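Colleague: I have the model open beside the sequence. Could you walk me through it?

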Amino acid sequence: MSENIILVDWFSFTLKEMDLQTIIGWLGLNSIDWVDCKGHYGYSSGKFYGGMWILFEGREDMGICIEFSGQGCRQYETSGNRPLHQLVNDVAVIPTANITRLDIAFDDVDHDGDGLLDVQKIERLARHDRYISKFGTRSGEWSGIHSDGEEQNPLAYSVYFGSAKSDVRFRIYDKSQERGGLDYHWVRFELQLRRQAAFNFIKQDGAIGHKFYGVINNYLRFITPSKTDTNRRRWASPEWWTKFLAHTEKISVFTRKDVDYNLSRLERYVMEQAGNSIRTYIECVGWFKFREMLNALEKDLNPNQQKLVSEYKQIAEERKDAYYKKRPGTRL
């Protein structure tokens, strides 16, 4: 079963002419139990929660820095007051905002097969210069780890195209291996954008999949050598590469995030922050009274909370359908 998605996996920006509390309120993160911490990037102070940093008390011209790591992006999807892709668009229209980094990731997830991308194959092609790119030189930059240094048996964990300091960089890696060795295929193709490149990506017209496809197609193409043509640029691309690009172009929105992760974060927050209080209340008044009070709450779920409920129900239904498809004749 394929579950390919595109998502924001890192977002950092600075805002000026807003104080700390105004920014926290604008992000919809007033209810977060922020932890005070030391700053970085030249800021002396910071606040942290679940992969989200707010950095302040830098030079007067630095403003306030907001940085969401991959974990922070998933946290904001649960705790913020709007979808993350909407926040990205909102930041882009603020005249004094400066977008420092935006990572867009394509997750190639396949529970039953080999998926679209093979990291070991990509690493071999990079090593043998079987691609054309715009990353400085023809060979670009790439790295991988091999089991014994031999070409025949590489254990490639990641491949990079573009330097760490460039405004555009690609990273392709085995996400299942990073997660400790999952029993299904999960490869991530990550587009790392900085400064003006990040801003241009956001402002470009078109669906997210189309923009993702466009950047990759502009900067990188794998090739298959021809026995009759010495011009590398006329060499065709392998079928797996064209299939991957065609697939990403079809994705039209920032689709479902890692819902299981968001739910586990929510569960941990409920149990660690209010678990004993909830248990005590239920022991006193019973389950039915507790449920009545929840139903009587006047404040509605925020958009991200509503989205999490909807997406979880959708995934639960899809998993149920997939289960019964594997066991025909068992569903009543």
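Modeller: Among contacts in the chain with a separation of 6 or more, 62% are between residues 24 or more positions apart, where contact means heavy atoms within 4.5 Å. This is a predicted model, in which local features need pLDDT of at least 70 and side-chain atom pairs count only at pLDDT 80 or more, while totals for chains, interfaces and linings use all residues. Residues are numbered from 1 along each chain as its sequence is written, and side-chain values use heavy atoms, with hydrogens and water left out.

Colleague: How many helices and strands are there in the chain?

Modeller: The chain has eleven helices and eleven strands, taken as DSSP runs numbered from the N terminus (helices H or I, at least four residues; strands E, at least two). Of its 332 residues, 42% count as buried, that is, under 20% relative accessible area with a 1.4 Å probe and protein chains only.

Colleague: Which residues of helix 4 are buried?

Modeller: In helix 4, residues 119-127, the buried ones are Val119, Ile122, Glu123, Leu125 and Ala126. Viewed down the helix axis, these buried residues fall within an arc of 165°, so they line one face of helix 4; the arc is that of the directions from the helix axis to the C-beta atoms.

Colleague: And what do the buried residues of helix 4 pack against?

Modeller: Their partners include strand 9 (168-174), strand 10 (185-194) and helix 8.

Colleague: What caps the N-terminal end of helix 4?

Modeller: That is aspartate 118, with a side-chain oxygen 3.0 Å from the backbone nitrogen of glutamine 120. After helix 4 comes aspartate 129, whose phi is positive, near 60°.

Colleague: Changing topic, at what angle do helix 7 and helix 8 pack?

Modeller: Helix 7 (residues 208-219) and helix 8 (residues 239-250) pack at about 145°, with their axes 7 Å apart; axes are lines fitted to C-alpha atoms, for helices over the stretch in contact, and angles run from 0 to 180 degrees between N-to-C directions. Residues making the contact include Phe212 and Tyr213 of helix 7 and Trp241 and Phe244 of helix 8.

Colleague: Last one: is aspartate 9 buried or exposed?

Modeller: Aspartate 9, which lies in strand 1 (residues 5-15), counts as buried because its relative accessibility is 11%. Its side chain is joined to that of arginine 188 by a polar contact of 2.9 Å, a polar contact being a pair of N or O atoms within 3.5 Å, where within protein one must be able to donate a hydrogen and the other to accept it, and residues adjacent in sequence count only if both atoms are side-chain atoms.

Key:
Buried < 20%, exposed > 50% of the residue type's maximum accessible area, 1.4 Å probe, protein only.
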